[in-house]
Amino acid sequence: MTSDLTEIVVVGDDDTGLIAEITSTLFERNINIEDLDQAVREGVFRMTMRVDTSEMIVKEETLREKLHDLGDDLGVDVQVRFPDDRETQQIAVLVTKESHCLEAIFEAWASGNLGADVEVVIGNHSDLQPLAEKYDVPFHDIGDEKGTPDESELLDLLAEYDTDLVVLARYMRILSPDVVFRYEDRIINVHPSLLPSFPGASAYMQAIEEGVRIAGVTAHYVTTDLDQGPIITQRAFNVPDDATEEELQEIGQPLEAEALLEAIDLHLTDEVTVHRGRTKLRDPEDTDAQLGAPRDLDQANPDRPIDGLGEYVADQGEDEPEAEADD
């Protein structure tokens, strides 16, 4: 979210006149809508607005209460986030059984390099509770005996801990639209492949089966489409001959943690923005973030030949049509 705009998210059942009710309430209070986006997925309606409240004629808490009351009347959930809600943002980390990403987050937090507070760890299994307890962070197990999470409890916990950012630290469950819509562009996941290749489960095994020479990991924002959200950071590595899935995990897991931490930092410092399904840096020249492979790779790769730069073949420009391949 742009740092000087207020974000309003409406989630619930679609109903005629709902948008008009909300927008009218804003206009009456001298609030200008800068951006509005809406979607419906699996019967759940979501509207996200970014508005300018710098000249509104009511206090922040008055507007928040009014929108919450209006949401109750319309049967929808309304969240309001003002730019100055807090100086330190609060993170909820969702986990399953793999510890490496959670451990990296805790280490960055303990060393003062995270830029936010880890308020709660939520798992669909209890395996990582001891790690959370080591750092005196509350742990909540919301899974049943099969690990199926209770998303109503998840939403209650995210609201209770006033969560700004949700981090999926190898959380092995798909979030429903009911969760994703409420935290649009505020849920970051790390996936063990160079998306869009090999989405879904067992990504390292998919890489082995396809015989790729280069694999990698991707940190991205979560959307309602599995592993298709806007990409933030990626890391790549060579795949050894005859590598096993376990060997790729040993190579990839440290990179998963690194890419995830980089993405968290970019989000918290408001250096990355999402536009039309893609992320962009607000000020590319002012960031030293590693979005992809190390910069040393640019020096290692050859820079010639390039079409039109050879000694004997002149650049023909764009006027010459490409020859069609024979059938």
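Axes are lines fitted to C-alpha atoms, for helices over the stretch in contact, with angles from 0 to 180 degrees between N-to-C directions.

Before going on, I noted that this is a predicted model, in which local features need pLDDT of at least 70 and side-chain atom pairs count only at pLDDT 80 or more, while totals for chains, interfaces and linings use all residues. Residues are numbered from 1 along each chain as its sequence is written, and side-chain values use heavy atoms, with hydrogens and water left out.

**Entry: the four-stranded sheet**

I traced an open sheet of four strands in the order β2-β3-β1-β4, with antiparallel pairing; two strands pair if DSSP finds at least two bridges between them. Strands β2 and β4 stand at the edges with a single partner strand each, so one side of each is left without a neighbour in the sheet. Neighbouring strands here are turned by 15° against each other on average, direction ignored. I then followed β1 and β4, which pair in the antiparallel sense over six bridges, and saw that I8 stands opposite V80 in β4. Helix α1 (residues 18–27) lies across β1, β2, β3 and β4, and runs at about 15° to β3.

**Entry: the seven-stranded sheet**

The other sheet I looked up is open, has seven strands in the order β7-β6-β5-β8-β9-β10-β11, and shows mixed pairing. Its edges are β7 (139–141) and β11 (231–238), each with a single partner strand, so one side of each is left without a neighbour in the sheet. The twist averages 20° from one strand to the next. Within this sheet, β8 (residues 165–168) and β9 (residues 187–191) pair in the parallel sense over three bridges, with V166 opposite I187 in β9. Helix α3 (residues 100–110) lies across β5 (89–95), β6 (116–123), β8 and β9, and its direction is about 155° to that of β6.

**Entry: where the two domains meet**

The domain assignment, which is automatic or from a database, gives domain 1 (6–85) and domain 2 (87–281). Their C-alpha centres lie 28 Å apart, and the contact takes 15 residues from domain 1 and 12 residues from domain 2. The area buried between them is about 1200 Å², of which carbon and sulfur atoms give 43%; buried area is the accessible area (1.4 Å probe) that two parts lose on being put together, summed over both.

I next searched for salt bridges, defined as a side-chain nitrogen of Lys or Arg within 4 Å of a carboxyl oxygen of Asp or Glu. Across the interface of domain 1 and domain 2 there are six, and a search of the whole structure finds 19. E7 forms a salt bridge with R186, with the closest N and O atoms 3.6 Å apart. On the domain 1 side, β1 (6–12), β2 (32–41), β3 (44–52) and β4 (76–81) each supply at least two residues that touch domain 2, and the largest share, five residues, comes from β3.

I also noted that the side chains of E7 and R81 meet in a salt bridge (3.8 Å, N to O). This pair links distant parts of the chain, E7 in strand β1 and R81 in strand β4, 74 residues apart.

Definitions and conventions:
Contact = heavy atoms within 4.5 Å.
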